[in-house]
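Reader: Could you walk me through this fold, with the criteria spelled out as we go?
Author: Gladly; here it is.

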Amino acid sequence: KDVQDLKDVQDPRIVMLNGSPLDSNTTQYREGAMAVLGSRVTIAQSFDVPDWSPDKAQEFMAQALTALGNRVDGVYVANDGMAGGAIAAMKAAGLEPLPPVTGQDAELAAIQRILVGEQYMTVYKAIHREATAAADLAYVLWQGRKPEAGLFNSLVDNGRIQVPSILLQPVGVTRDNLRVTIFADQFWDPAEVCVGEVAAACRRTGIDIGEGAP
C-alpha cells in the first residue's frame, strides 16, 4: 500500500493544516511551506489548528473533505500528531489510495505510518546535534565568556535585532531514507518501530529489526 504519487496530477489541490495560531512557529512553518509550494498547487482549504490538536485536525480534515467532495491531492500538515488526525479522517471517508501527507517531529507513530504507506514523509530534526550545539553554547556562557562569532552560522531577526544563532538543517524523511536517518542516528530502534503489522512493512523495506541501538 502506497500513498498516491502527485507528479502527474494536473493542478493539485492541497489542504493545509497549520499549527496553533498562538504559536510563532506556525507562521514560519507555513511561510516555509508556501515558499516551496508557491504556484505549483492550489490551496483548496487551510486551517490553523488550536493547540496543535490531532482531534481538531481530524475534525478540520473531515470538513475539508466534505467541502471538496473528497477530491484532495495532498495534505500539508505541520506536525505528526495532526497528520495522524488528518489520515484518520481520510480513512473514515474511504479515500484509497491516500494522498501524500506531510508531518514533522519523526514521532514513532509517524514512522510506522510511513512504513505502511499511510504518511508520505516527516521532518526530522536530529536531537543529538541540537543538544550538542546547545551544550557547546551553554558551556561558553557558563564560563562567563562571550561566544565567538564563529560559533554561530546564522542571524535571526526577532523583530528588534539580528540574533546570532546556530541553525541546523532539518531532514525530510521518507520510506526510502529511514535507514540512513532515523535508524542510523538511533533516534528510534527498529525493534520499537517494527511491531505488529509494521513488521511486514519493515521486511519489505529491507529493515533488519535487530540493527538498532543495543
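Author: One definition to begin with: the expected span of a helix is 1.5 Å times one less than its number of residues. Helices (H or I, at least four residues) and strands (E, at least two) are DSSP runs, numbered from the N terminus. This is a predicted model, in which local features need pLDDT of at least 70, side-chain atom pairs count only at pLDDT 80 or more, and totals for chains, interfaces and linings use all residues. Residues are numbered from 1 along each chain as its sequence is written, while side-chain values use heavy atoms, with hydrogens and water left out.

Reader: How far apart are the end C-alpha atoms of H5?
Author: H5 has 16 residues, so at 1.5 Å a residue the helix should span 22 Å. The model agrees with that expectation, as the end C-alpha atoms of H5 are separated by 22 Å.

Reader: Thanks! Which residue with a positive phi follows H5?
Author: Its phi is near 80°, and the residue that comes after H5 is Gly-144.

Reader: What is the order of the strands in the open sheet?
Author: Two strands pair if DSSP finds at least two bridges between them. The pairing is parallel, and the order of the three strands is E2-E1-E3.

Reader: Which residue of E2 is the bridge partner of Val-15?
Author: Strand E1 (residues 13-18) runs parallel to E2, and six bridges join them. Across from Val-15, the bridge partner in E2 is Gln-45.

Reader: Nice. Helix H2 packs on the sheet, but what angle does its direction make with that of E2?
Author: Axes are lines fitted to C-alpha atoms, for helices over the stretch in contact, and angles run from 0 to 180 degrees between N-to-C directions. Contact here means heavy atoms within 4.5 Å. Helix H2 (residues 54-67) touches E1, E2 and E3, and its angle with E2 is about 150°.

Reader: And which helix lies across E1 and E3?
Author: This helix covers residues 80-92 and runs at about 155° to E3; it is H3.

Reader: What kind of aromatic pair do Tyr-29 and Trp-52 form?
Author: Rings of Phe, Tyr and Trp (its six-membered ring) pair if their centres lie within 6.5 Å; planes under 30 degrees apart count as stacked, over 60 as edge-to-face and the rest as tilted. Tyr-29 lies in helix H1 (residues 24-37) and Trp-52 in the loop between E2 and H2, so the pair ties together parts 23 residues apart in sequence. With ring centres 6.3 Å apart and planes at 75°, the pair is edge-to-face.

Reader: Is Trp-142 buried or exposed?
Author: Buried means under 20% relative accessible area, exposed over 50%, partly exposed in between (1.4 Å probe, protein chains only). Trp-142 is stacked with Tyr-139, 6.0 Å centre to centre and with 25° between the planes. Tyr-139, at 47%, counts as partly exposed; Trp-142, at 68%, is exposed.

Reader: Last one: what is the handedness of the link of Cys-194 and Cys-202?
Author: A disulfide is a pair of cysteine sulfur atoms within 2.5 Å, and the sulfur atoms of Cys-194 and Cys-202 are 2.0 Å apart. Cys-194 is buried at 5% relative accessible area, and Cys-202 is buried at 0%. The angle about the S-S bond is -85°, and the link is left-handed.
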